[in-house]
Amino acid sequence: MCYEQAGRVSSACAVYERLRILAPDSAEVCVNMGRILAAAGSNEEGLGCFARAIELNPRYGNAYFNAGDLLYKLDQYGQAAEAYIAGLGVVPDHPSGFFVLGNCFFQTRCYE
């Protein structure tokens, strides 16, 4: 987190890569790696990390919400909505998930 806050993305990536070796079954490490990659502009790799996190732990809502955030940022509102809906299926009391899901529906003009 310190490297990330200091804007040292490559150093943060290196740390998360080491953590992935030490904890290969950690969905949390995959999500953190995905966030770093997305912040560095490696969106496809970031989405891959979020997908891997979901594979590792389908009950980890944070993976769905991070995937949704990145998809929303990429103007892929329909896919973002699907990610948010899946995340809300896991964590149904996540208010910001509902908020951004509503924004997805607005962006896609899906009002029903």
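Predicted model: local features only at pLDDT ≥ 70, side-chain atom pairs only at ≥ 80, totals over all residues.
The chain contains seven helices and zero strands. Read from the N terminus, its elements follow the order α-α-α-α-α-α-α. The C-alpha trace extends over about 45 × 25 × 20 Å along its principal axes. Of the 112 residues, 38% count as buried. Where contacts join residues at least 6 apart in sequence, 42% of them link residues at least 24 apart. The accessible surface of the chain amounts to about 6600 Å², and carbon and sulfur atoms account for 56% of that area. The chain carries 8 positive and 12 negative side chains, and a distance of 7 Å separates the centres of the two sets.

Helix 2 comprises residues 9-22 and includes Ala-12. Ala-12 has a relative accessibility of 3% and therefore counts as buried, since the cut-off for that class is under 20%.

Helix 3 covers residues 27-39, and its 13 residues should span 18 Å at 1.5 Å a residue; the end C-alpha atoms are 18 Å apart, in agreement with that expectation. This helix is mostly covered, with ten of its 13 residues buried. The buried positions are Ala-27, Val-29, Cys-30, Val-31, Asn-32, Met-33, Gly-34, Ile-36, Leu-37 and Ala-38. After helix 3 comes Gly-41, which has a positive phi near 95°.

In helix 5, the 13 residues should span 18 Å at 1.5 Å a residue, and the computed separation of the end C-alpha atoms, 19 Å, agrees. Its buried residues are Gly-61, Ala-63, Tyr-64, Phe-65, Asn-66, Ala-67, Gly-68, Leu-70 and Leu-71. These buried residues pack against helix 3, helix 4 (43-56), helix 6 and helix 7.

The loop between helix 5 and helix 6 contains Asp-75. Most residues other than glycine have a negative phi. Asp-75 is not a glycine, yet its phi is positive, at about 65°. This positive phi occurs just after helix 5. With a relative accessible area of 52%, Asp-75 is exposed, because the exposed class begins over 50%. Asp-75 and Ala-12 are 63 residues apart along the chain, and their C-alpha atoms are separated by 26 Å.

Helix 6 consists of residues 77-90. At 1.5 Å a residue its 14 residues should span 20 Å, and the end C-alpha atoms are 20 Å apart, which agrees. The buried residues of helix 6 are Tyr-77, Ala-80, Ala-81, Ala-83, Tyr-84, Gly-87, Leu-88 and Val-90. The partners against which these buried residues pack are helix 5 (61-73) and helix 7 (95-107).

Methods. Residues numbered from 1 in each chain as written. Heavy atoms only, no water. Helix = DSSP H or I, 4+ residues; strand = E, 2+ residues; numbered from the N terminus. Expected span 1.5 Å × (residues − 1). Buried < 20%, exposed > 50% of the residue type's maximum accessible area, 1.4 Å probe, protein only. Contact = heavy atoms within 4.5 Å. Areas by Shrake-Rupley, 256 points an atom, 1.4 Å probe, with all protein chains shown as cover. Lys, Arg positive; Asp, Glu negative; His and termini not counted. Charge placed at Lys NZ, Arg CZ, Asp CG, Glu CD.
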